[in-house]
Amino acid sequence: MEVIVYNTAEEIGEAIGKIFVDTVNARHDSVLGLATGASPIPTYNYIAKAYQEGRVSLRDVTTFNLDEYCDLPREDKNSFYSFMVENLFSRTDIDMNKVHFLNGNAEDIDAECARYDSAIEAAGGIDLQILGIGTDGHIGFNEPDDHFSEKSFRIQLEQSTIDSNQKYFGDVPMPRYAVTMGTGIILKARRIVLVATGESKAEAVQKMIQGPVDPHCPASALQEHGDTVIFLDKAAAKLL
Ligand code: PGA
């Protein structure tokens with residue numbers, strides 16, 4: 001994996017945003033893997049600006065988001081679907097018929113996860129995947145475990161993840177379960193870019209890059225991916 005350290009989150013957003021824009025301009029029907037959270041927002045700001053300036057069109061791309069909460073209506077302002085509409089989709093010409101999410105409210109979650117994995121394959125696989133990383137080393141919602149996950153599945157969230165994300169829900173308790181692309185599915189993406197900023201990520205970043213490949217730090221699986229670039233600010237890189 002390649003590691004690049006920048007001064008600010010905005011510079012990282014510009015660098016990754018350019019990779020997305022170049023990817024889509026090289027192949028207008030690219031398949032993009034998308035993430036939520038604070039980390040990808042500067043990237044989405046860059047892509048939206050590039051669209052507004054006529055430098056890219058997302059009309060023909062297909063997207064797959066990494067994960068979604070269970071037990072939360074899709075229309076809830078805190079769903080990852082709503083996050084993507086607000087931060088990227090409504091700011092571009094993306095075709096909402098080509099936007100894909102796991103349904104965390106499906107009656108048969110196993111069937112829903114199998115449907116999602118098949119849909120990614122049927123689309124030809126993901127060309128470019130953006131990831132954040134949790135303070136516990138999670139990617140998507142693959143929390144630390146004794147084994148790496150393969151296929152998409154339903155997971156009980158770690159307390160550290162709940163502590164990080166409860167702020168978005170105010171006084172309402174946030175969901176305890178989510179559905180996520182499995183680590184094996186994420187690793188099938190042809191190209192992966194991961195962004196981590198801030199001191200709270202420094203320990204997970206150090207384990208991901210310099211620790212052993214270990215499912216207790218799910219992001220360490222990226223060491224075995226042939227085309228991954230890690231974008232860090234100085235605070236997230238401070239233990240390297
Ligand atoms: P964050 O979340 O971008 O909001 O820090 C990253 C993650 O949990 O994967």
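Colleague: What classes of residue make up the shell around the ligand?
Modeller: Two nonpolar, five polar and one charged residues. Ala, Val, Leu, Ile, Met, Phe, Trp, Tyr, Cys and Pro count as nonpolar, Asp, Glu, Lys and Arg as charged, and the others, Gly among them, as polar. This is a predicted model: local features need pLDDT of at least 70, side-chain atom pairs 80 or more, while totals for chains, interfaces and linings use all residues. Residues are numbered from 1 along each chain as its sequence is written, and side-chain values use heavy atoms, without hydrogens and water.

Colleague: Which residues surround the ligand?
Modeller: Gly37, Ala38, Ser39, Gly132, Ile133, Gly134, His138 and Lys201. Each has a heavy atom within 4 Å of the ligand.

Colleague: Which polar side-chain atoms lie by an oxygen atom of the ligand?
Modeller: One belongs to Ser39, 2.5 Å from a ligand oxygen. Another belongs to His138, at 2.7 Å from a ligand oxygen. Polar contacts here are pairs of N or O atoms within 3.5 Å.

Colleague: And what about the backbone of Ala38?
Modeller: A polar backbone atom of Ala38 is 2.9 Å from an oxygen atom of the ligand. Taken alone, the ligand exposes 280 Å², and the protein buries 79% of that. Those areas come from the Shrake-Rupley method with a 1.4 Å probe.

Colleague: Switching to strands. How do β4 and β8 pair?
Modeller: In the antiparallel sense, over three bridges. β4 covers residues 67-69 and β8 covers residues 177-180. Tyr69 has Ala178 in β8 as its bridge partner. Strands are DSSP runs (E, at least two residues), and two of them pair if DSSP finds at least two bridges between them.

Colleague: Where does Arg154 stand?
Modeller: Opposite Val179 in β8. β7, residues 153-156, also pairs with β8 in the antiparallel sense, over four bridges.

Note on methods: Polar contact = N/O pair within 3.5 Å; in protein donor to acceptor, adjacent residues only side chain to side chain.
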